[in-house]
Amino acid sequence: MERLIALIERGKPFFDAVARNKYLKAIRDGFISVMPIIIFSSLFLLIANIPIIFGYQWPQEVNDFLMKPYNYSMGIVGLLVAATTAKHFTDGLNREMPKTNQINSVSTMLASVVGFAILASGDIVQQLADGTSLTGLDTSYLGSKGLLTAFLTAFVVGGIYKVLIKNNVTLKMPEQVPPNIAQTFKDIIPFAATTIVFWLFDHLFHGVFGFCFAEGVIRAFQPLFSAADTYAGLAVIYGAIGLFWFVGVHGPSIVEPAIGAIAFYNVANNLTLVQAGQHASSVITPGTQYFVVTMGGTGATLMITLMIAFMARSQQLKAIGRASAVPVLFGVNEPILFGAPFVLNPVFFLPFVLAPVFNVWVFKVFVDVLGMNSFTYVLPWVTPAPLGIFLGCAMQPLSLLYVAVALGVDFVVYYPFFRVYDRQLLDQEDADEAALEAARGEAPAAEGATPAPAREEAAPAPAPSPAPTASPAPAAPAAAGASLDGKRVLVLCAGGGTSGLLANALAKAAEEHGVDLEAAAGAYGAHLDIMGDYDLVILAPQVASYLPDLEKDAARMGVATAACGGKEYIDLTRDGEKSLRFVADALKGGE
């Protein structure tokens with residue numbers, strides 16, 4: 001086992017490089033940017049469709065009224081993702097461009113929207129009874145069906161812009177022209193080039209195949225969609241997430257961009273099937289990732305966290321479990337990942353990787369064998385997993401049974417490894433206690449006193465503990481107060497959940513020590529537009545591999561940067577004074 005883990009760990013630099021890949025990052029960050037829209041639109045789906053479960057159908061006019069926000073948000077999500085992916089891809093390209101010759105991300109967003117609309121839509125002609133015709137626009141692929149085309153469009157746009165701008169193939173204006181007007185003319189040639197390329201390509205593709213490019217992409221990838229939804233495909237996809245996380249690489253950053261288009265296509269298709277009275281059988285959906293595979297976070301850690309909190313005999317392990325239980329319930333499991341720890345802990349390697357795979361296999365059995373419909377709605381990832389499964393699967397009674405079975409499976413998978421680790425820590429605690437007792441027994445002998453009185457004198461000393469409450473704040477944070485007053489700190493993680501732990505700890509510690517420090521949390525990828533307003537940006541462990549890219553962005557803005565290791569990050573969230581010192585040191589290092 002140790003040799004296997006060592007082998008996997010040696011691949012960490014490669015995994016980090018993959019996670020930093022500008023194409024995967026653009027896809028992931030593009031998805032993150034539109035998640036509020038996806039979640040918002042799903043709420044209307046719930047309102048419009050859940051009554052059907054109880055045998056009630058909204059009147060058609062009410063249903064149309066409820067579905068309009070969905071149709072004009074999720075219904076054009078491909079169009080929106082084309083823009084957001086282009087924006088983040090442009091940010092990545094600009095790190096490689098001279099500071100004096102950057103690509104305009106607003107222009108690439110607009111070019112991607114136009115290019116995607118050309119590739120993903122078509123004309124509908126309807127002949128009327130009076131002999132006239134009615135022409136409309138086919139929007140079938142502007143939503144989740146067009147996500148793969150949206151990504152391709154964004155990358156082509158970025159590539160064309162980079163070539164033209166880097167080689168100064170632009171309209172140049174005299175120096176007297178204001179910069180904002182000059183930028184408009186600078187973007188004309190790249191914008192025209194991308195639009196013409198998509199226009200001619202679409203004309204050629206339509207002429208050869210008779211349908212739009214977005215439909216062709218779906219047809220080409222349909223076999224891959226089907227292969228991914230098999231037991232073997234699910235094991236590879238979701239086992240990889242746990243495997244990457246185990247060595248400290250944020251697995252979803254690598255895997256989710258690769259399956260994101262499949263997942264959102266499937267959930268929309270599942271809903272269509274259910275509305276048509278058919279079986280929704282596609283397992284790979286956002287809900288599967290958020291609530292089935294990562295029930296409590298990567299590694300399916302909800303059950304093991306509860307086991308640690310209420311069944312552990314080791315006091316250290318029990319304290320970690322109880323402190324982590326609430327965050328883990330909402331899918332934020334870094335406190336237990338790095339506190340127990342699970343990451344790079346040989347004892348938990350097998351259950352950490354296998355529990356998510358077993359969860360999704362059992363879910364597939366419920367879908368394929370028992371006839372339960374898969375996820376038809378997208379809910380926020382911080383929804384507690386049992387509730388997310390119940391609501392995301394349209395409140396089917398079978399979904400509650402699945403939750404119970406999955407938790408039971410996780411218990412069985414983790415239990416033997418939990419007992420081994422608990423025993424290890426308990427033995428260590430007993431050894432430490434014995435050593436402490438021995439030290440207490442030897443101390444009086446060295447002083448020439450009897451053991452009993454020494455223990456009697458020592459016993460009451462820690463009980464009142466008046467000194468800490470009466471003494472002033474520790475010197476280090478107080479001394480750092482002057483340098484931290486007026487400073488703003490931004491903590492970034494993958495989804496904005498883990499970063500909140502440190503941001504809250506910093507805010508609380510600053511208030512306790514009278515330091516005028518402002519701390520905020522955010523998600524990496526959605527930070528470029530706001531990081532210039534902060535003095536320091538801190539990366540949580542799961543995005544620490546992005547530090548080289550962050551440093552390039554920060555250098556242009558004059559912002560200090562720092563990254564944390566796993567255990568260090570958890571220590572900072574639990575020790576306010578230490579977190580303030582960390583910020584002070586990071587700010588000094590950035591000067």
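These legends go with several close-up views of a predicted model. Residue numbers start from 1 along each chain as its sequence is written, and side-chain values use heavy atoms, with hydrogens and water left out. Since this is a predicted model, local features need pLDDT of at least 70 and side-chain atom pairs count only at pLDDT 80 or more, while totals for chains, interfaces and linings use all residues.

**View 1. A nonpolar patch on the surface, with Ile-188 as one of its members.** Leu-171, Met-173, Ile-181, Phe-185 and Ile-188 make up this patch, and together they have about 370 Å² of accessible area. Areas come from the Shrake-Rupley method with a 1.4 Å probe, and for residues only the protein chains shown count as cover. To join a patch, a residue needs over 30% relative accessible area and no salt bridge; like charges are joined within 9 Å, and nonpolar side chains (Val, Leu, Ile, Met, Phe, Trp, Tyr) within 5 Å. Ile-188 belongs to helix H9 (residues 188-209); helices here are DSSP runs (H or I, at least four residues), and strands are too (E, at least two), numbered from the N terminus. Ile-188 is partly exposed because its relative accessibility is 39%, with buried meaning under 20%, exposed over 50%, and partly exposed in between (1.4 Å probe, protein chains only).

**View 2. Helices H14 and H15 packed together.** Two packed helices are described by the angle between their axes and the distance between the axes. Here H14 (residues 302-311) and H15 (residues 315-329) pack at about 145°, with axes 7 Å apart. The axes are lines fitted to C-alpha atoms, for helices over the stretch in contact, and angles run from 0 to 180 degrees between N-to-C directions. H14 passes H15 in a left-handed crossing, that is, the near helix is turned anticlockwise from the far one by less than a right angle (clockwise would be right-handed). Contacts (heavy atoms within 4.5 Å) involve residues including Leu-302, Ile-308 and Phe-310 in H14, and Leu-317, Gly-321 and Val-328 in H15.

View 3. Most residues other than glycine have a negative phi, and most peptide bonds are trans. Pro-341 sits in the loop between H16 (334-339) and H17 (349-368).

**View 4. Salt bridges, with Lys-22 and Glu-96 as one of the pairs.** Side chains of opposite charge can pair when their charged atoms come close. The cut-off used is a Lys or Arg side-chain nitrogen within 4 Å of an Asp or Glu carboxyl oxygen, and the count comes to 13. Lys-22 and Glu-96 meet at 3.3 Å, N to O. This pair links distant parts of the chain: Lys-22 is in H3 (residues 22-53), Glu-96 in the loop between H5 (77-94) and H6 (105-120), 74 residues apart. Lys-22 is partly exposed at 27% relative accessibility, as is Glu-96 at 43%. Arg-219 and Glu-215 pair at 2.7 Å, N to O; they are separated by about one helical turn because they lie four residues apart in H10 (residues 213-228). Glu-215 is buried, with a relative accessible area of 18%.
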